[in-house]
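Colleague: Please take me through the helix packing here, with the cut-offs stated.

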Amino acid sequence: MIDSRCTECHSATPGHEGVFEAPKDVKLDSDAGIANHAAQIAMEAGFSTAMPPGNVSEITPAERTLLMQWYQESRS
């Protein structure tokens with residue numbers, strides 16, 4: 001899900017029009033990048049709707065719930 005919803009902007013080579021580098025240098029195109037930013041992913045795209053801006057990648061409520069569960073399970 002992160003690959004299909006986040007990496008259009010958050011990657012070493014963003015493909016979203018007008019995005020030339022990963023915002024805030026947050027790159028989620030590797031397992032290490034996802035692990036390093038797990039808390040940010042959960043907070044920005046799971047517990048809130050701040051990401052993606054304007055829901056440009058059309059993340060669903062079910063996917064947001066999945067992100068929250070993933071993060072909570074990773075902490076236990």
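Modeller: A crossing is left-handed if the near helix is turned anticlockwise from the far one by less than a right angle, and right-handed if clockwise. This is a predicted model, where local features need pLDDT of at least 70, side-chain atom pairs count only at pLDDT 80 or more, and totals for chains, interfaces and linings use all residues. Residues are numbered from 1 along each chain as its sequence is written, and side-chain values use heavy atoms, with hydrogens and water left out.

Colleague: Which hand does the crossing of α3 and α4 have?

Modeller: Helices (H or I, at least four residues) are DSSP runs, numbered from the N terminus. α3 spans residues 38–47 and α4 residues 61–74, with axes 8 Å apart at an angle of about 150°. The axes are lines fitted to C-alpha atoms over the stretch in contact, and angles run from 0 to 180 degrees between N-to-C directions. The crossing of the two is left-handed.

Colleague: Are α3 and α4 roughly parallel or roughly antiparallel?

Modeller: Angles under 35 degrees count as roughly parallel, over 145 as roughly antiparallel, 65 to 115 as roughly perpendicular and the rest as oblique. The angle between α3 and α4 is about 150°. The pair is therefore roughly antiparallel.

Colleague: Is Glu63 buried or exposed?

Modeller: Glu63 belongs to helix α4. Buried means under 20% relative accessible area, exposed over 50%, partly exposed in between (1.4 Å probe, protein chains only). With a relative accessible area of 16%, Glu63 is buried.

Colleague: Which residues of α3 are buried?

Modeller: By that cut-off of under 20%, they are Ala38, Ile41, Ala42, Ala45 and Gly46.
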